[in-house]
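Please examine the sequence and the structure shown here before reading on.

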Amino acid sequence: MSIFEIKNCKKKFHNVNVLDDISFKVDEGEVIAIIGSSGSGKTTLLRICTFLDFMDDGTMSYIDKNVVTSVNGHAKYIGQNSLSLDALKKNKSLTAVKSNFGLVFQNFNLFPHWTVLKNVMDAPISVQKRSEEEVKEKAMKYLDKMGLSSKANNYPCQLSGGQQQRVAIARALCMEPKIIYFDEPTSALDPELTQEILKVIKELANEKRTMVIVTHEMNFAKNVADRVIFMDNGVIVEEGNAYELISNPKMERTKRFLQKYE
């Protein structure tokens with residue numbers, strides 16, 4: 001079953017093409033790694049997939065529900081009359097759609113004045129309107145899964161970077177999403193903590209969690225992802241089986257990029 005699909009996505013900043021005719025879909029239980037140099041459009045793509053930014057043209061669907069259609073060469077969001085970012089964030093028609101995904105940022109994005117437990121519980125209660133009792137039970141379950149149940153009443157500043165990122169993953173899981181997006185989840189961590197987080201994500205992959213991961217960790221992508229998408233200058237240059245593409249890329253631009261990681 002298809003969880004997510006985007007077609008012919010286009011995005012410009014100051015008349016520069018940041019994304020140019022991007023199309024891909026994600027099936028249930030699939031892990032997709034998106035790789036590419038800085039500035040290739042990877043993070044912008046994830047922001048569009050999660051409604052933190054809007055596309056100029058293209059279509060998007062979650063669980064076969066069209067949430068963006070293309071009308072006369074312009075993207076039309078359900079329930080949307082304006083394409084301002086403020087209007088996009090307040091679009092009530094997208095609220096239910098947002099429950100389909102979780103997002104883990106590279107810099108954790110935890111609220112510093114909230115405890116670990118409140119950070120994990122907030123979105124399911126405020127966005128999904130679930131009961132506090134049920135959400136607290138789930139939150140403690142996922143904190144325990146991350147090895148952090150003893151830190152529930154701590155504040156983010158009392159945790160290591162790796163622990164903060166595990167809280168962010170628990171927060172995403174507590175939404176019970178159909179798909180989880182990771183935007184370079186290890187880029188702010190030292191090598192030891194990087195391996196800690198990659199181990200957690202690998203365990204989620206073994207559970208057949210549906211994930212899209214923007215990453216610079218090529219060995220991880222090769223051995224954990226099902227598919228890899230290589231982006232450059234806002235376009236998909238090459239995509240395919242993760243192990244095969246990273247071991248034996250077909251496109252010259254992909255080869256040059258991967259040589260940096262040999």
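## Basis of the model

This is a predicted model, in which local features need pLDDT of at least 70 and side-chain atom pairs count only at pLDDT 80 or more, while totals for chains, interfaces and linings use all residues. Residues are numbered from 1 along each chain as its sequence is written, and side-chain values use heavy atoms, with hydrogens and water left out.

## The sheet

An open sheet of mixed pairing is formed by 6 strands in the order β7-β8-β9-β3-β10-β11. Strands (E, at least two residues) and helices (H or I, at least four) are DSSP runs, numbered from the N terminus; two strands pair if DSSP finds at least two bridges between them. The edge strands, β7 and β11 (235-241), each pair on one side only.

## Strand β7

Strand β7 (residues 101-104) runs parallel to β8 (residues 179-183), and 4 bridges join them. Within β8, Ile179 is the bridge partner of Phe101, and Phe182 is that of Val104. Both faces of β7 are covered: Phe101 and Leu103 on one side, and Gly102 and Val104 on the other, are all buried (under 20% relative accessible area, 1.4 Å probe, protein chains only).

## Helices α4 and α6

The axes of α4 (residues 116-126) and α6 (residues 161-174) come within 8 Å and cross at roughly 30 degrees. Axes are lines fitted to C-alpha atoms, for helices over the stretch in contact, and angles run from 0 to 180 degrees between N-to-C directions. The two helices, α4 and α6, are therefore roughly parallel to each other (angles under 35 degrees).

Technical notes: Buried means under 20% relative accessible area, exposed over 50%, partly exposed in between (1.4 Å probe, protein chains only). Angles under 35 degrees count as roughly parallel, over 145 as roughly antiparallel, 65 to 115 as roughly perpendicular and the rest as oblique.
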